[in-house]
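Work through the exercises below with the sequence and the coordinates open. Each task is followed by a stepwise solution.

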Amino acid sequence: MGVLALIVINKAGGLIYNRTFGDGLNQLNTNDYLVLAGTFHGVHAITARLDPRKGLTNAQFQQQQAAANGGVAIPSRPEPSSGLEVLESENFRLQCFNTLTGTKFLLFTDTMQANVDVAMRKVYDLYSDYVMKNPFYQLEMPIRCESFDRKLNSYIREVNNSR
Amino acid sequence: MQVYSFYIFDRHTECIYSKSWFTPPPPASSSLTSPSTSRPQSQQPAPHASSVTSPPVASLVVAPPSAAALKRSKQKKDDDAKLIFGTVFSLRNMVRKLGGEDDAFIAYRTGQYKLHYYETPTNLRFALLTEPGALSMRNVLHQIYINLWVEYVVKNPLSPVEHKGGEGVRNEMFEMGLDKFIRGLM
């Protein structure tokens, strides 16, 4: 099995979409999924704050950049901390994509799955096409869009069968 | 490869050892900064807000960090350790819930750093922060446990069973061995 599950968390940490595609993960009840989404939201915020290099002031950062570029100072500011992007465990791998508006897409795959970035990108495309363009969808509310479900299912099946 | 820091937590969730190998470069004093900021304080016309806390005389000689500053950096270190513990604890529980009881949380990566995790059956937890591109350090943490922790802390007859406040962990052999081992990786 390639892709195991997809979870979408809104910017307040609430679970708005949850679907499993294989039996690689334990089945949880809805309440546990809600708790999981909230926990992950908080942990994601903490991991962004834990950056060991964040103590650098801007001047120090410029100096370091200049040293890295061979003494030429190119004005730039440090990348903002991104928070958790990939989590690895013995049985699965979790890729997190945080959109600019704070919605988080969590894609659970098995540890061997390649090109998760591409799959994530496609899932985000489907979300923008079939959820955001749905005039009846209310922002930040649970996603109940049949066409999104259908397209997502057929795409994930395609990914899982291509291996 | 760059290693940033290393933490050990005991089964009572207390941080019993932490070490950082990452030292921020000294404050910029070269021509890269604008001349107005590098001007000596004695030439400033009016007393600045910063000169209230440190008198201008002290700024000319290299003063050792004040007690307050030391306390603040220790506080920050303690807070970081607590945040790291909370993070690995939550993620470990999440992984076990989803992947089954036998699943183990190995590592997570952000754009800025990667945290490697290893837990012994006695709930002793090791966390290592490295640069994001680092390969799996699971065997490294395992080696630290086998070759350093067991050899120099557990087998030390003077070491207590519980390491409250880091007691028994901060011995010379363990610290030296750890430093040598980690510097060998960098």
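**Exercise 1.** Find which residue A:Glu88 stands opposite in strand 4 of chain A, then describe how strand 3 and strand 4 of chain A pair.

Solution. 
1. A:Glu88 faces A:Arg93 of strand 4 in chain A.
2. Strand 3 (residues 84–89) and strand 4 (residues 93–98) of chain A pair in the antiparallel sense over 3 bridges. Strands are DSSP runs of E with at least two residues, and helices are runs of H or I with at least four, numbered from the N terminus; two strands pair if DSSP finds at least two bridges between them.

The model is predicted: local features need pLDDT of at least 70, side-chain atom pairs count only at pLDDT 80 or more, and totals for chains, interfaces and linings use all residues. Residues are numbered from 1 along each chain as its sequence is written, chains are lettered from A and ligands numbered from 1 in the order in which they are written, and side-chain values use heavy atoms, without hydrogens and water.

**Exercise 2.** Determine how many bridges join strand 4 and strand 5 of chain A.

Solution. 
1. Strand 4 and strand 5 of chain A pair in the antiparallel sense over 6 bridges.
2. A:Cys96 stands opposite A:Leu106 of strand 5 in chain A.
3. Their hairpin has 5 residues between the strands, and A:Gly102 there takes a positive phi near 95°.

**Exercise 3.** Locate A:Asp110 in chain A.

Solution. 
1. A:Asp110 lies in the loop between strand 5 (104–109) and helix 3 (116–132) of chain A.
2. A polar atom of the A:Asp110 side chain lies 3.0 Å from the backbone nitrogen of A:Gln113.

Note on methods. Polar contact = N/O pair within 3.5 Å; in protein donor to acceptor, adjacent residues only side chain to side chain.
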